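Biologist: Could you walk me through one spot in this protein, up close? I'd like to see how a single residue sits in the whole.

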Amino acid sequence: MTLIGKPGCHLCDDARAVIERVAREEGVEWEELNMLDDPELVARYAEQIPVTLVDGRQHDYWRVDENRLRKALSAPPRCA
């Protein structure tokens, strides 16, 4: 699971709290990317942060719904 955000973003702080809790409870690893470190991320997600990726696919943006995230993490991975 990946959280894409940027410093000073209050929605990113809210999303991080949900992701940290869910990842801990579900035993899932996650990473956080600062979109300002990657121009491609800025171009792709500038108007949607924070963005949550599950299995490399965009799952949510702006707000993270905890129940929806748990369902996505428990679902079998989708084929590309």
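Predicted model: local features only at pLDDT ≥ 70, side-chain atom pairs only at ≥ 80, totals over all residues.

Modeller: Here is a look at His59, starting with the chain around it. Residues are numbered from 1 along each chain as its sequence is written, and side-chain values use heavy atoms, with hydrogens and water left out.

The protein chain has three helices and four strands, in the order β-α-β-α-β-β-α from the N terminus. Those are DSSP runs, numbered from the N terminus: helices are H or I with at least four residues, strands are E with at least two. His59 belongs to strand S4, which covers residues 57-61.

Is His59 buried or exposed? His59 counts as buried because its relative accessibility is 13%; the cut-offs are under 20% for buried, over 50% for exposed and partly exposed in between, with a 1.4 Å probe and protein chains only. Across the protein chain, 35% of the 80 residues count as buried.

Now the neighbours. Leaving aside residues up to four places away in sequence, His59 touches Thr52, Leu53 and Val54, as well as Arg68, Leu69 and Ala72; a contact here means heavy atoms within 4.5 Å. For a sense of distance, Val42 is 17 residues from His59 in sequence, and their C-alpha atoms are 17 Å apart. Zooming back out, of the protein chain's contacts between residues at least 6 apart in sequence, 55% join residues at least 24 apart.
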